[in-house]
Amino acid sequence: MSLLFGKRLVAARTMAGLSLQKLADALEGTLTRQALHKYEQGTALPNSKNLIAIAHVLNVPVDFFFSEPAPFPGLSEIEFRKRTRVTQSEQASVIEKCTEILGRYLELEHLLGEEKLPRHFSFDGLVRNSEDAEMAAEALRRDWNLGQDPIPGVMRMLEDHGYKVIGIEAPLAFDGLKANAGQHRVIVVNMAFEVCRRRFTALHELAHHLLVFPDDLPEKERENYCHIFAGAVLLPASQAKEILKMHRTNFYLPELQLVKSEWGISIAAIFARARQAGLISEHVYTRYHRQYRARGYYQDEPGTYPAAEQANRFELMWYRALAEERISLAEAARLTNLTMGEIREKILQPA
C-alpha cells in the first residue's frame, strides 16, 4: 500500500507541476519536504488529516492515491508544439495528465469492448511545400466525406475517426501535442484557449500524425505546413474564394466575424487563408497582420464561434456503462477521477 501511495503521489504532484518543496510550501507547514519524500519512497503513509490536505492541494480525490491504473502501452513519439516557453516541469505535467487520462480511457474502452483505432488516411507523397499541404487537406476532406461545409465539431470528428482526443487545462505556453500509444493515435489540446484556437490546434496535431515531410525539411517549415493543413481543413480554398472573393484590399471587422462564427476559424487564420488562396497580396496580409497585433487581438480576438468544441466520447461511454450497470458507482468515480458525490450530482440532474 505504501509503494502504491508513493507512486500515485509522484503522479499527482507531477500533474500539478510542483516540486517536493513547492508542495510542502503549499501545505503551509502541515508537512515537511522530508516527510513528503518518505511518502513518495513508500517508507511511510500520511494520517487521514494529512492525506486530505495533500489531496486538496493537488486537486485530486483521496481515492486517487489508492487506485492502481490499468496497464497500457504508454505514450511514445511525443511531439510538443515548438514553443520554447514550455518548461520541462510543464511538459512533465502535461505528459502525466495525458498518461493518466488515456489509461482510464483505454481501460473503459476495453471494458465495453469498444476499442477504436484510427481510420487510415495517407497523403500520396511527401509534403514539400504549401501546395502539398493544401492538397493533403483537400484529400482528407474527400476521404473522410467532410464535403465542403463547415465542420461543426472538430474534436468529435476526430474521435469518430478513431483518434484519442484529450482536452486538458494547462499553462498558456502549451497549445497541444501528438503522441502514440501502441496502435492508438493521441491528440492533446489545451482547453484554456478559446474555441477557434482549440479547433485549429487539434487539426495541426492531426497534421503531425498524417503528413510525411522530407527528412531535411527545417522544423519551422514543417510547423508552417501543418498550419496550412489545419487552416485548409477548416476553410477550404474553394470556399474561401467564394466567401471572400478575389483581389481584396480591405475587410470590415463584422464581415470577418461572420466568417469566424460560421466556419469556426479565427480572424488571424482567415487572413492566412486569404493569402494562401491568392485573394490578398503579401503586402495586404502584412498590413492586416500588423493592425491585428496592434489592436491586441492575439489576446482577445473579437467574434465568437457558437458551437461547443470538446471531446466527449469518454464521458458518453462512462455514462452509458454506469446506466447499464456495467460499472459500479465506485468504478465510475475511479475512471473519471471524480468523487462518488460528484458522480451522483451528475447522474441525478433532471433529464
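Glutamate 40 is in contact with Gly6, Leu9, Val10, Arg13 and Leu20, leaving aside its neighbours within four places in sequence. The model before us is a predicted one, and I shall treat each value accordingly. Glutamate 40 has its place in helix α3, which covers residues 33–41. Its relative accessibility is 13%, and because buried means under 20%, glutamate 40 counts as buried.

I turn now to the nonpolar cores. The largest of them holds 59 residues, and the members that touch the most others are Trp144, Leu158, Leu206 and Phe229. Which helix gives this core its largest share? That is helix α9, residues 219–234, with 8 residues. For phenylalanine 229, the contacts beyond four places in sequence are Ala133, Ala136, Ala137, Leu140, Leu203, Leu206, Ala207, Leu210 and Leu211. There is also a second, separate core of 20 residues, which includes Ala12, Leu31, Leu58 and Phe65.

Next, the sheet. It is open and consists of 4 strands, ordered β1-β3-β4-β2, with mixed pairing. At the edges stand β1, residues 76–80, and β2, residues 164–168, each of which pairs on one side only. On average, neighbouring strands of this sheet are turned by 15° against each other, if direction is ignored.

For helix α14 (residues 313–323) and helix α16 (residues 340–347), the packing angle is about 90° and the axes are 12 Å apart. Since 65 to 115 degrees counts as roughly perpendicular, α14 is roughly perpendicular to α16. From α14, the residues Glu315, Trp318, Tyr319 and Leu322 meet Ile343, Lys346 and Ile347 of α16. Sorted by class, this contact has 5 nonpolar residues, 2 charged residues and no polar ones.

Two further positions remain. Where is glycine 153 found? It lies in the loop between α6 (130–143) and α7 (154–160). Is glycine 153 buried or exposed? With a relative accessible area of 6%, glycine 153 is buried. Not counting residues up to four places away in sequence, glycine 153 touches Arg199 and Glu309. From glutamate 107, glycine 153 is 46 residues apart in sequence and 25 Å apart in space, C-alpha to C-alpha.

The other position is leucine 256, in helix α11, residues 253–263. Leucine 256 is buried as well, its relative accessible area being 3%. Neighbours within four places in sequence aside, its contacts are Phe251, Ile267, Ile270 and Phe271. Taken C-alpha to C-alpha, leucine 256 and glutamate 68 are 50 Å apart in space, with a separation of 188 residues in sequence.

Definitions and conventions:
Residues are numbered from 1 along each chain as its sequence is written. This is a predicted model: local features need pLDDT of at least 70, side-chain atom pairs count only at pLDDT 80 or more; totals for chains, interfaces and linings use all residues. Side-chain values use heavy atoms; hydrogens and water are left out. Axes are lines fitted to C-alpha atoms, for helices over the stretch in contact, and angles run from 0 to 180 degrees between N-to-C directions. Helices (H or I, at least four residues) and strands (E, at least two) are DSSP runs, numbered from the N terminus. Angles under 35 degrees count as roughly parallel, over 145 as roughly antiparallel, 65 to 115 as roughly perpendicular and the rest as oblique. Contact means heavy atoms within 4.5 Å. Ala, Val, Leu, Ile, Met, Phe, Trp, Tyr, Cys and Pro count as nonpolar, Asp, Glu, Lys and Arg as charged, and the others, Gly among them, as polar. A nonpolar core is a set of buried Ala, Val, Leu, Ile, Met, Phe, Trp, Tyr and Cys residues joined through side-chain atoms within 4.5 Å. Buried means under 20% relative accessible area, exposed over 50%, partly exposed in between (1.4 Å probe, protein chains only). Two strands pair if DSSP finds at least two bridges between them.
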